[in-house]
Amino acid sequence: LTLKEWFSDHEFYHKIGYLIASNSKKLVDILNDYADKSKTEFRQYLDESIKESINFKKDYTDLDYEHDYNEIKRLLLLFNVESVRQIDDKKRRFPFGRHKKENWSLEHIHAQHSEGLKTNEKIVEWLKAHVKSLQSIGGQDELISDMEQLVRSIEDNPKTPKVRERFEPMQQQVVNVLSPKGEDSEYIHLLPNMALLSSGQNSAVSNYTFDAKRNLILEMDKNGSYIPFCTKMVFLKYYSAEDTNLHFWGKSDRDAYFKALEKVLESYLTNEEQVNE
C-alpha cells in the first residue's frame with residue numbers, strides 16, 4: 001500500500017524514482033527510513049537525500065566531461081526528472097522505465113571532432129547530414145559541391161583510396177562554418193554543452209555539429225523515438241532567446257540553458273550558507 005501511494009503521488013514518484021535511478025538510494029532503504037517519519041519529515045528526508053546525491057567534491061559549474069562524466073550525468077538526470085515534475089499540469093510523468101531500458105549517456109550538444117568516423121559509410125552519413133545544414137544557411141556552394149563529389153566517389157566505389165585525406169580538411173571547414181564565430185572551444189566538454197540521449201541515439205549523432213544533430217534528433221522524435229525532455233528543449237531552442245540563430249549553439253544559448261538548469265534545481269544546489277550570503 002505504501003508503494004502504491006508513492007507511485008500515485010506526483011512528488012514522491014519523481015523524487016523517489018530519481019534516487020533509485022541515480023543509484024543514490026535503494027528502495028528497501030527508503031522504505032526502512034520511511035517507517036518512523038511523518039509525511040512532512042519524509043519529504044524533508046527526500047529533499048536532503050537528493051541534495052546529498054549532487055553534493056560533488058567539485059563545484060557543479062566546473063564539471064568536465066572527461067573527468068566528471070558520472071557527476072554530469074547524474075545532475076542532468078535530476079534536471080530532466082525535476083523539469084517534468086515541476087510542469088504545472090502534473091499529468092506528465094518521467095519515464096523511469098525507458099531511462100533504465102535505453103541506458104542514457106552524455107552527448108555533446110555541439111561537437112567539433114570526427115572521432116568514431118572509422119568507416120567510409122559513417123563518413124558518407126556525416127557528409128550528407130552536414131550538406132543539409134550548409135544548404136540551410138546558404139553561401140557554401142563550393143564546399144557543398146566538394147562534399148557531394150566525395151559522397152558520389154565513395155558510393156560508386158566503397159574502397160575509394162585516400163578518403164580520410166580528402167575528408168578531414170573538408171570536415172574542419174564544415175565545423176568552422178557551423179560553429180559560433182569568435183568563440184574558443186574551451187566550453188566543449190563543460191556542463192552547458194552536455195545533454196542526455198540513449199546510447200544508441202548518441203552513437204548515431206555524437207560527431208555532428210549542433211545544426212546537423214538538431215535535424216537528426218527532431219527526425220528521431222518525429223519517428224517516435226523517446227528524446228529526454230531537457231534534450232528536446234535544447235534542440236528546439238526553448239531555453240534560448242527568441243532572436244537566437246537556430247543553426248548554432250552559441251554562448252547566449254549555453255548561458256540560457258545553464259540558467260534554466262539552476263532555476264529548476266535551485267532548492268538542491270543552494271545551501272544555507274549561500275542563502276545567508
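Leaving aside neighbours within four places in sequence, H99 is in contact with A21, L77, F94 and W104, where contact means heavy atoms within 4.5 Å. This is a predicted model, in which local features need pLDDT of at least 70, side-chain atom pairs count only at pLDDT 80 or more, and totals for chains, interfaces and linings use all residues. Residues are numbered from 1 along each chain as its sequence is written, and side-chain values use heavy atoms, with hydrogens and water left out.

- H99 is found in helix α6, which spans residues 96-102; helices (H or I, at least four residues) and strands (E, at least two) are DSSP runs numbered from the N terminus.
- H99 counts as buried because its relative accessibility is 12%, the term buried standing for under 20% relative accessible area, with exposed over 50% and partly exposed in between (1.4 Å probe, protein chains only).
- Between H99 and M233 there are 134 residues of separation in sequence and 17 Å in space, taken from C-alpha to C-alpha.

**Packing of α2 and α5**

- Helix α2 (residues 10-21) packs with α5 at an angle of about 170°, their axes being 10 Å apart; such axes are lines fitted to C-alpha atoms, for helices over the stretch in contact, and angles run from 0 to 180 degrees between N-to-C directions.
- That angle makes α2 roughly antiparallel to α5, a label that applies to angles over 145 degrees.
- On the α2 side H10, E11, H14, K15, Y18 and A21 take part, and they meet R74, L77, L78, V81, E82, V84 and R85 in α5.

**Nonpolar cores**

- The largest nonpolar core has 55 residues, and those with the most contacts inside it are F42, L75, L76, F79, Y257 and L265; a nonpolar core is a set of buried Ala, Val, Leu, Ile, Met, Phe, Trp, Tyr and Cys residues joined through side-chain atoms within 4.5 Å.
- Helix α5 (residues 69-85) gives the most to this core, with eight residues.
- Not counting residues up to four places away in sequence, L75 touches I54, F56, Y60, L63, L191, L261, L265 and L269.

**The chain as a whole**

- The chain has 15 helices and two strands, and 46% of its 277 residues count as buried.
- The C-alpha atoms fill a box of roughly 70 × 40 × 35 Å, taken along the principal axes.

Note on methods:
Parallel < 35°, antiparallel > 145°, perpendicular 65-115°, else oblique.
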